[in-house]
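Please examine the sequence and the three-dimensional structure shown here. The paragraphs that follow lead through a sheet and then a pair of helices.

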Amino acid sequence: MNSVFFLVLRRMRAPLIVLIVFYAVAVLGLTLVPGENEDGTPAPPLSFFHAFYFISYTATTIGFGEIPQAFSDGQRLWVTACIYMTVIAWSYSILTILALVQDKAFHQTVVATRFARRVARITTPFYLVCGCGETGSLICRALDVLGRDFVILEKDEQRVEELDLEDFITNDPAIAADGRLSTNLLMAGLRHPKCRGVLAVTNDDEANLAIAINVRLLNPEIPVLARVRSPLVSANMASFGTNHIVNAYERFAEYLALAVASPARFRLIEILTGLPGTPLPEVHRPPRGHWIICGYGLFGKAIGRYLALPGIDMTVIEPDGKGPENGHTVRGTGTEASVLEEAGIMVASGIVAGSDNDVKNLSIAMMAKKLNPKIFVVARQNQAASDVLFDTFRADFSMVHTRVVAQECVSVLTTPLLAQFFGALRDTEESWSQRLVALLEGNCEGIVPEVWDIKIENSVGPAVYKALMENHTLSVGQLMRDNADREVALPAAVLMIVREGKSYLLPDDDFLLRADDALLLVGQHDARSALSLTLQNANALEYILTGEDRHAGWLWQFLFSKHAKGVDKH
Amino acid sequence: MNLEKVIFAFFIVFAATLNFGFFIGEIDRPELHNIYELFAAIVVNIIATVLKFGDRTQLGAVLLSTSLVADIQLIAAAVVWAVVVHVTGTGMTPEHTSSVVSLSGGALLANIVSLVILIVETVMMRR
């Protein structure tokens with residue numbers, strides 16, 4: 001049963017007993033004190049009924065005023081005592097309730113109970129987001145744009161209060177609780193039948209590890225995504241089967257290397273993994289040649305590992321002089337002109353300002369630009385609070401930790417096929433990516449498009465599924481028509497079709513669809529809803545195939561067929 | 001020894017004995033059933049009920065419900081008494097007395113159930 005109810009009952013025990021005892025004594029006294037008639041002769045005391053009636057109104061109002069009969073002085077004396085007794089008893093009860101309401105533990109119980117009830121009532125699939133700092137809120141906002149539900153578990157109370165002010169479209173429950181504890185995870189719906197996945201994106205590696213372990217043990221069915229910085233924790237997570245480990249440093253280093261090696265392919269990945277609804281990222285073309293890496297911590301090491309490409313040689317600047325064993329290392333922070341000159345800033349084509357201090361990174365970047373205006377600057381931004389500074393400086397390429405993690409989480413969660421597509425992308429020519437990027441940029445009007453996948457099956461697209469099962473032919477080009485005007489193609493593209501384990505990249509318009517095909521699509525939100533109508537609605541599909549607007553209602557059919565007959569006669 | 005348990009057992013037993021004291025005697029003779037005893041039984045019963053508030057164990061829940069039953073029966077007896085004495089003005093006739101006393105008899109049964117549960121709980125604890 002409800003724990004709030006029990007808490008109130010328990011705390012109210014003492015005041016209630018005081019109240020009962022005082023009432024009982026008052027009533028009993030009144031039934032014992034002798035009364036007085038109007039003419040002064042002694043009268044019997046009040047009966048229980050009259051005494052109870054009198055005390056009932058005296059205790060609550062003091063002075064309500066109807067006396068069964070005139071009181072004797074003895075009765076007056078007793079009633080005076082009664083008034084004080086009952087006032088004390090009532091004040092005590094009310095003060096206890098007030099203290100209870102202000103009690104922090106009580107407040108917490110009320111909030112937790114309400115939260116648990118809301119989570120239990122969720123009927124749509126949802127994700128459990130643990131940690132809603134900078135990364136978490138980016139993820140939540142992206143999920144919100146995509147119309148997915150989520151439950152937020154965040155340690156910081158103030159942050160949860162701020163979440164109330166964020167205008168999410170969906171109304172999602174959030175609570176201030178530590179995600180490391182299994183009870184909190186269970187309360188937030190870890191074993192809820194509609195829970196589709198858990199995101200461990202707190203800024204604490206240990207907490208993320210604890211959450212991942214909890215999910216693996218308590219509900220092994222659902223996938224868990226964990227954000228991680230240290231390679232040690234990452235290995236630990238992998239050992240017990242965390243579905244997806246997001247290491248922002250590694251990922252960014254990989255992207256930077258890809259941007260150097262094959263810019264078009266990188267551009268394609270950047271567009272497809274961007275957070276839907278945000279502006280398209282700028283084009284980055286980091287050059288080959290001499291690179292300087294400032295800061296050789298976890299981030300710097302990852303960059304060093306991935307940038308070891310042909311045509312690139314590196315110099316590391318590190319305060320304690322501990323660089324890579326076979327590389328060139330300069331001792332210093334990188335903010336001093338002399339250190340940069342020693343590292344070869346004049347001939348360098350790129351510099352990575354990658355320490356864990358935002359001000360230091362900006363200062364490195366500005367000094368580098370001053371010494372060598374043509375240099376390509378990669379700046380690492382650690383805190384969202386420095387947004388304004390970094391926006392003003394405009395590095396050629398910024399690494400924002402939170403954004404990298406959020407992008408990866410959202411793309412993995414919402415479109416499992418995307419990873420397969422990227423895998424297939426490795427075997428393609430650079431020019432192929434170039435063509436696709438041009439197509440996407442033309443389609444999406446400067447805003448990151450949505451990427452989604454659909455499977456042609458009865459539950460997702462009953463109309464198309466039925467048509468295909470009845471041996472109608474339907475090509476990709478036909479499917480991608482606008483169901484409001486079939487002359488117009490939808491502003492969306494099919495990236496890949498997976499059929500019986502085989503994938504077909506970028507199928508052309510004549511590619512014939514089959515039932516049970518899985519499609520990976522990219523396009524704007526409007527195109528997505530139009531397509532989902534075509535998939536579900538037989539009339540919309542009919543219109544796209546034949547150009548005839550068939551109406552299914554019997555009245556429409558009657559009128560339509562009559563009209564057709566009339567035309568025949570003439 | 002747990003003071004809370006002592007107080008708790010005290011009130012349950014006290015409620016049952018007061019209830020019994022009112023109930024005992026020929027059912028239709030008003031002079032054998034003291035109204036003060038009924039009053040005391042009601043007050044002690046309600047206190048016993050409040051003492052069980054907030055007990056989340058299974059036995060605690062059963063004790064609370066039997067106690068509530070006794071409260072309802074005793075209050076019903078008091079209401080019948082008040083109506084026949086003050087509202088209809090017939091006074092305590094043998095029929096009315098017997099209905100008041102039989103209501104308190106029902107409450108007594110509930111109180112005996114409470115007692116049995118209390119004893120069972122104690123025996124289980126001593127194991």
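**A sheet and its neighbours**

The bridge partner of A:Lys455 in E18(A) is A:Ala518. Here, helices (H or I, at least four residues) and strands (E, at least two) are DSSP runs, numbered from the N terminus. The model is predicted: local features need pLDDT of at least 70, side-chain atom pairs count only at pLDDT 80 or more, and totals for chains, interfaces and linings use all residues. Residues are numbered from 1 along each chain as its sequence is written, chains are lettered from A and ligands numbered from 1 in the order in which they are written, and side-chain values use heavy atoms, with hydrogens and water left out.

Strand E18 (residues 518–523) of chain A pairs with E15(A) in the antiparallel sense over six bridges; two strands pair if DSSP finds at least two bridges between them. Both belong to an open, antiparallel sheet of four strands in chain A, ordered E15-E18-E16-E17. Strands E15 (450–455) and E17 (502–505) of chain A each have a single partner strand, so one side of each is left without a neighbour in the sheet.

Helix H22 (residues 525–536) of chain A lies across E15, E16 (492–499) and E18 of chain A, at about 10 degrees to E15(A). Contact means heavy atoms within 4.5 Å. Axes are lines fitted to C-alpha atoms, for helices over the stretch in contact, and angles run from 0 to 180 degrees between N-to-C directions.

Elsewhere, helix H11 (residues 248–261) of chain A packs against helix H13 (residues 298–306) of chain A at an angle of about 35 degrees, with their axes 8 Å apart. Among the residues that meet are A:Tyr249 in H11(A) and A:Leu298 in H13(A).
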